[in-house]
Amino acid sequence: MSATVVLTKIQYALLLVLVFLFPLFFLPVTPDFFDFNKTALLVVAGLALLVVWAVKSLYSERFSFFVTHFDVLILALALVFLLSSFIRTTNKMDAFLFPGVTTVILSLTLLYFLITQTVRLGEGRGDKLIVALFASGTVLSIFSLGNITGLLNKIPNLPAFVKQSTFYPAGSSLATFTFLVVLFVMAAVSLAHSRKKKAMFGVYTLFSTVFLFGAVAVFTQLLPGRPTELKLMPHGASWAIAVETLKVSPLGFGPGGFVAAFNQYRPVSYNATSVWSTRFGSSSNWYLGLFTEVGVVGFLAFAVLLWKALSFRYHRPALKSALVILALLFLAFPVNFLLLFVFYIVLALGGSIWGREVSLVSQDSPSRRVLPALLFVVVMGFVASVLFFGKKAYAAEVLYKIALDSAARNDGDGLFKSLVLAISENPRIDRYRIVFSQTNLLGLANELAKDEEMTEARRDKISRLAQAA
């Protein structure tokens, strides 16, 4: 077996693991268990796939790409998010880390191209990716049913936070519900087209049933009065914010900047609504969110991409049905990273069937060895840079979580030291500095409240606390 074949199998195996793991992945080592860690997983997996692809090109001495109908539009959307992040987003960390929507879009763009370069090489590989997605949805649905019915409480040795009724590995009840709805539609359409295949008919019947029960159960948790009841920003207020933002810039307020746009442009009528005291971090739906954060340019880029995707001829009816339901969910709810993940996978699987391979270097060209080697060097440099800065950002979040845990235990020294380390790892995060300032102010207040003689040592300590605050 040649090295190229082995590397292709490794690349495909990594794709399967990522598709299965992404909806379920969380880590309790950062303040945000879910979206932040899903983004980190997506980045790391994307970089690993990129390295395997570069090594494979180096071994095969081929410098070619498989191009599809969606490539230009996918790149255009990613470019709009990137430009808007640098030009419009006031705090760049909002775009790239919290909530990090630009990082997600860029990582999904990379994943899209890596899927199109891999799936085309083997029959049935696209179907296996869908099965991996279904398997992940099955686990998520069963977990949600166990959580809602209280069965998880009867399982010993599970962490306490996992047994909470508000806990969902997907990140939220809304993300879980919308994800299961998409999977149910895909499974139901596949079921309708597999009646002549008894084995597949039974499999899709099982998937459809599990997804349906899971979606209905989670939907009940979105109803009013539930701990995870659905609260959406009024569409009128979302539209008003989007319009006011467009008056300022065609590139919007910048990715991750919806909260700032909300604070600045929310209409007076919003104060008369039932959610007047809520500060929303996203618009009422994805389309208005695009208008607000990346402007009319970003909205048009996504609209053209969606229109072309919906008018495309797919080899699997389930892919077309998934895009239709995704377009409707984007209209009804704020976007979540899990829906975007499914959207890009569906586009990649659909586009990979009707594309064509473009070779940039002929086999008899003297540069056929030079260009793959140059590509490998560039890829390794890019991966090293992303991992270096990404590691610092992730380490800072871990330290911040340690600081919050120290505060919950009334461990002042642990809180102070962890915050100092977090700021040193990533000094551009305002949350760290705000909490650090409050910590020093609290220490200053406690020191001043002591009924003790004002010695020189106390004066020095008070002075240091005030300066740090």
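**View 1. Helix α5 passes helix α13 in a right-handed crossing.** The near helix is turned clockwise from the far one by less than a right angle in a crossing of this hand. This is a predicted model, in which local features need pLDDT of at least 70 and side-chain atom pairs count only at pLDDT 80 or more, while totals for chains, interfaces and linings use all residues. Residues are numbered from 1 along each chain as its sequence is written, and side-chain values use heavy atoms, with hydrogens and water left out. The axes (lines fitted to C-alpha atoms over the stretch in contact) of α5, residues 101-119, and α13, residues 337-351, come within 9 Å and cross at roughly 25°. That makes α5 roughly parallel to α13 (angles under 35 degrees). Helices are DSSP runs of H or I with at least four residues, numbered from the N terminus.

**View 2. Residues in the contact of α5 with α13.** Contact means heavy atoms within 4.5 Å. Among the α5 residues that meet α13 are V101, L108, Y112 and V119; the α13 side includes F337, F341, Y344 and A348. The residues of this contact divide into 16 nonpolar, two polar and no charged.

**View 3. Buried residues of helix α12.** What covers the buried residues of α12 includes α6 (125-149), α7 (173-192), α11 (286-310) and α13.

**View 4. F389 in helix α14, residues 370-408.** At 57% relative accessibility, F389 counts as exposed (over 50%). F389 and E425 are 36 residues apart in sequence and 9.4 Å apart in space, C-alpha to C-alpha.

Conventions
Axes fitted to C-alpha atoms, helices over the stretch in contact; angles between N-to-C directions. Helix = DSSP H or I, 4+ residues; strand = E, 2+ residues; numbered from the N terminus. Parallel < 35°, antiparallel > 145°, perpendicular 65-115°, else oblique. Nonpolar A, V, L, I, M, F, W, Y, C, P; charged D, E, K, R; others polar. Buried < 20%, exposed > 50% of the residue type's maximum accessible area, 1.4 Å probe, protein only.
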